[in-house]
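Please open the model in a viewer and keep the selection panel at hand. The stops below follow one another through the chain.

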Amino acid sequence: KSGETIGIMGGTGSAKSSFVNLLSRLYDVEKGRVIVGGKDVREYDLDVLRKEVSVVLQKNVLFSGTILENLRWGDENATDEECIRACKLACADEFIERMPDKYNTYIEQGGSNVSGGQKQRVGIARALANHPKILLCDEATSALDPQTTQSVLALLKKINQEQNITIVMVTHEMDVIETVCDYVAVMEAGKVIETGPTLDIFSQPQHPTT
């Protein structure tokens with residue numbers, strides 16, 4: 001439902017990545033339908049779909065260029081004000097404002113001159129600059145240290161509550177699901193084998209992913 005935080009959980013090979021690719025139409029289903037907002041994703045204009053469903057990946061790629069240029073990767077027409085607003089939502093403005101050239105600071109290839117946590121916050125800000133209705137996080141914290149992970153998860157929870165953006169967390173980590181998700185679907189071998197409120201799923205004595 002709109003405004004919820006949903007966890008999609010499963011081990012390697014459970015088809016979590018396929019789910020992400022189907023939602024953003026990197027490829028389409030051969031049978032059945034994928035429905036977003038009550039509408040088959042194949043009925044959307046592709047640009048509209050990818051604007052309303054923004055993706056934050058495990059390793060967000062930052063290219064050589066200024067922070068503003070990186071933020072406009074998803075929407076080249078985003079104004080300075082929209083980019084700054086997105087950075088404030090993602091709490092990226094905190095470190096950007098301390099940089100000598102602020103939003104015109106040059107990012108080295110691969111983002112080598114920023115930390116992992118800073119890179120992830122810029123990635124989240126870039127996704128938010130599109131004004132998405134759904135934020136799809138694909139293993140978005142698995143490459144981060146525990147402290148940074150908790151910081152990013154708290155940020156996502158804040159964004160969900162204050163902006164009413166639906167967040168889908170795709171992960172294999174139980175801690176991530178327990179921290180931010182209201183509802184969880186467990187996948188195994190390409191199928192959803194269990195769904196329910198997070199507390200109900202994790203209260204079961206022998207959870208299928210443990």
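**First stop: Val-20**

Select Val-20: leaving aside neighbours within four places in sequence, Val-20 is in contact with Leu-136, Asp-138 and Val-170, contact meaning heavy atoms within 4.5 Å. The model is a predicted one, in which local features need pLDDT of at least 70 and side-chain atom pairs count only at pLDDT 80 or more, while totals for chains, interfaces and linings use all residues. Residues are numbered from 1 along each chain as its sequence is written, and side-chain values use heavy atoms, with hydrogens and water left out.

Val-20 lies in helix H1 (residues 16–23); helices (H or I, at least four residues) and strands (E, at least two) are DSSP runs, numbered from the N terminus. Is Val-20 buried or exposed? Val-20 is buried, with a relative accessible area of 4%; buried means under 20% relative accessible area, exposed over 50%, and partly exposed in between (1.4 Å probe, protein chains only).

**Second stop: helix H6**

Next, select residues 116–128, helix H6. Its 13 residues should span 18 Å at 1.5 Å a residue, and the end C-alpha atoms are 18 Å apart, which agrees; the expected span is 1.5 Å times one less than the number of residues. Ten of the 13 residues are buried, so H6 is largely enclosed by the rest of the structure. Among the buried residues are Gln-120, Arg-121 and Arg-126. To see what covers the buried residues of H6, display elements including strand E4 (53–56), helix H4 (80–89), strand E7 (134–138) and helix H7 (146–163).

**Third stop: the nonpolar cores**

A nonpolar core is a set of buried Ala, Val, Leu, Ile, Met, Phe, Trp, Tyr and Cys residues joined through side-chain atoms within 4.5 Å. The largest has 44 residues, and those with the most contacts inside it include Leu-71, Ile-124, Leu-128 and Leu-135. A second, separate core of 17 residues includes Val-41, Leu-49, Ile-134 and Val-168. Now centre on Leu-135, which touches residues including Ser-54, Leu-128, Leu-156 and Val-168, not counting residues up to four places away in sequence.

Finally, select strands E9 (residues 183–188) and E10 (residues 191–197), which run antiparallel and are joined by six bridges; two strands pair if DSSP finds at least two bridges between them. Tyr-183 stands opposite Pro-197 in E10. The hairpin has two residues between its strands, and Ala-189 in the turn has a positive phi of about 50°.
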